[in-house]
Amino acid sequence: MSMKFSIPRTWRERKPHYLLEASKCKNCGKIHYPPRIVCDKCGSVDLEKTRLSGEGKVVTYTVQYVVLDGFRDYAPIVYAIVELKEGVKVLAPLTDVKPENVKIGLKVKAVLRKVSEDGKLGLIRYAIKFKPIEAES
Amino acid sequence: MKPVNDVGIAGWGVYIPKYRVKCSEIEATWGFQPGYCRSLNVYEKAVAGIDEDTITIGYEAAKNAILRAKIIPSEVGAIYVGTESKPYAVKPSITVIGEALGITPRTLGADLEFACRAASEAIEASIGLIASNMIKYSLVIGADTAQASPGDVLEFTASSGGAAYVLARRGNNTVAYFEGSFSYITDTPDFWRRPRSPYPHHGEQFTGDPAYFHHIISAVKGLMESLGLKPSDFDYAVFHQPNGRFPLKVASELGFSKDKVLPGLITPYIGNTYNGSALIGLAAVLEQAKPGQRILLAPFGSGSGSDAYSIVVEDGIEERVDLAPKVKDFLENKEYINYLLYAKFNGLIEKFEM
Amino acid sequence: MRKVFVVGVGFTKIDRFFDKGLRELFAEAAIKALDDIGGENVQALVVGNMMSSSLSEQDNLGALLADYAGLVGIPAFKVEAACGSGGVAVYTGYSLVASGLFDIVMVGGVEKQTEHPTRIVSKGLAQASDAEYELFYGISFTGLNALVMRKYMETYGISRDEMSIWPVLMHKNASKNPYAQLPFEVTIEQVSSSMLIADPIRLLDSSPIGDGAAALILASEKYARKLSDTPVEVAGVGLATDHIYIAYRDDLLKLKATIDASKVAYRMAKVEPSQIDVVEEHDAFTVLGYMNLEDLGFSERGKTPKEIAEGRFHPGDKPTVNPSGGLKARGHPVGATGVYQVAEVAMQLRGDYPGVKVGGEIGLAQSIGGLGTTVSVIILRR
């Protein structure tokens, strides 16, 4: 079986994907997602890990009908740029929402979902997606 | 069984996917007599969305339990998932959930299998770990995305959902405690799945008396005898609920009145969530129980085995109820889908990797 | 730094060439360019290409193409900046001559997108985005641009039909272009109702998938007059990059890399936007067609659709934008596009452009890699 997903990458990238783990500059305080090695604001390499809240609102979105290989099951996919409480923006799919109910400003929260599978035999990719906050209670 | 130190529930949480397929829809697809489901007392079942599985369901239920327990995830010393629908046959679900919640790496944990009672076994094991002071908190998750062969009667009830419990020493954040437990296990082949089979086999009527009823009755009787309790000492009775009929029947045989069973009988609205079944029922009861009340919890797993717990509710439980979404909220937040979408979500439509 | 001149050009039609591979296509363009300079030898080759590796299993492209163009042995290498590879190749070729290392350099660009079904090509193109945090989620390159298009339309109150004006103009220009991939007109209605790819981007908002190859000959001043009667000076070059993860950027409604690169190029060429006669800009999608003009300093943010509706930037205006038909209708052979653009501007300034003729003194070519991740701006002067 030809594996398409890299095993080390799946392992190495898990915390930013599962937890919205970001980096924070100890020097100037800027929060970076995806996490960085060098702060792009002040140039410092003194960074620490931090977790983002996962709560935010939709800044812009698209509904993708023409999908890449391996994503037909999920189509149409709504992708959004979500601005979190902390001011950090994240690009991720929305889930549990009908495309016609998405609008700029929609309040959302992060949930862990399946992103894709490497066929029936390979690894499963899990990561943060966002769903509307009015969903439960 | 009673541990040397009492152990209780610090938090509970459930997650039920929003999609529902009506039993009548399944009846019509496979040509069952209309109204067949009424004999099962199930109206509709919950279906996992295309991007959901036991791991994502377990994760959400666990998050809700942690919210109610008001603890930091890293304080959890053991994490268990009881399931019979693991995304990987070999590779634990608890590692993904544990990482995603911030519980790893300093923790115990494993995925357990014993059909629908695996999560209950994890509760028993956790009681031991906590009572012995090996760990402070245990997170036990029961979650499934149960599959049944299309066109088989099991398809009416096999559904998706999960519950999670944070357990701790009684007094350490707990809102209910285990007064005692009793387990009863025999080799009874009422329901099984060999590795290469996509769907389980079941023994139809055999799953009743020799399996479900015998083991639950034995466990509950054993519990009541050892604790010196009678049915009238309990305010609620929550049983494993493979359909909406069995729990009422076993309650009646044991001498528990119907009104004690109904608050925890959720299967008619969401189907049988397997490892979530009794535990979601328990959550519904905890969301209305008052301090001092006593709850009977009797999960059952095919193969077969049953546990019976006597749970006593403590002060402070009412303040925890609204800290996370309630069973009621999940029951109300639903969207109906037709059989076609249900088939797509459940992977029943075969695609080839072109 | 020495002055550098465009002394020769050559390029193929843009189409689906199932009968030609990377080497055949490139050789065709290279031979035309070499003919343009009377068969003189070139001393080095820089090639722009994005997907020879992912779609044609071919690395070491510079050497391969030099060999097949009859130039085996000369210094040759590929440069890659996703869909902006061509512009970066021109920038690199410029630096090789300006620095004095060489006197005569060929800059090439080639792309073969039709070796595989669209879905495979889409994955290749999507590699222009952040592999670990954008492509990871399965967002296509179109999906990424759609995020910007929606923001643009909502922020500035631009309607669907107003967006459709751009493809209509592009197709109108391309209908006069003998080498364009889509040389036919379309109507606003056709554009606005074409198939949705990633809402709000529709089929007729997107540049087509095609193959093509282009080549330029750059020479130092000493050789310029010898090799061409109408050498065109490369008056200014600029190149800039931006955060690849678009959600990391402060403002989605401008491409900072275009602004930065163009500032450098304008300063070097000592010109203002108002002096530009002809522009070939990188309209991979309709929204970029508009945004590029704003970032390059030709119109105000959000005002471009209305300006175009009123006739600005059409043939006859200063500047005339994308007389070739742009990426939308001339075509977008990815890694080659940036080279096509500079060849087109050069031909406009020297008077022998085969499509809509603009003429003029000063022209500008803008090439974008990814969603404004790498942008090059080349300014030519007659």
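Me: What do the axes of helix H6 and helix H11 of chain C do, and at what angle do they cross?

Reply: This is a predicted model, so to speak of local features takes pLDDT of at least 70 and side-chain atom pairs count only at pLDDT 80 or more, while totals for chains, interfaces and linings use all residues. Residues are numbered from 1 along each chain as its sequence is written, with chains lettered from A and ligands numbered from 1 in the order in which they are written. The axes of H6(C), residues 141-156, and H11(C), residues 286-295, come within 9 Å and cross at roughly 65°. Axes are lines fitted to C-alpha atoms over the stretch in contact, and angles run from 0 to 180 degrees between N-to-C directions.

Me: Why is the crossing of H6(C) and H11(C) called left-handed?

Reply: The term means that the near helix is turned anticlockwise from the far one by less than a right angle. The crossing of H6(C) and H11(C) is left-handed.

Me: Which residues make that contact?

Reply: H6(C) brings C:Asn145, C:Val148, C:Met149 and C:Tyr152, and H11(C) brings C:Val287, C:Leu288 and C:Met291. Contact means C-beta atoms, placed from the backbone, within 7 Å.

Me: What makes the contact of H6(C) with H11(C) nonpolar, polar or charged, by class?

Reply: Ala, Val, Leu, Ile, Met, Phe, Trp, Tyr, Cys and Pro count as nonpolar, Asp, Glu, Lys and Arg as charged, and the others, Gly among them, as polar. On that basis there are six nonpolar, one polar and no charged residues.

Me: How do chain B and chain C stand to each other?

Reply: Chain B and chain C do not touch, with their nearest C-alpha atoms 11 Å apart. Of the two pairs of chains that touch, A and C have the most contacts.

Key:
Helices (H or I, at least four residues) and strands (E, at least two) are DSSP runs, numbered from the N terminus.
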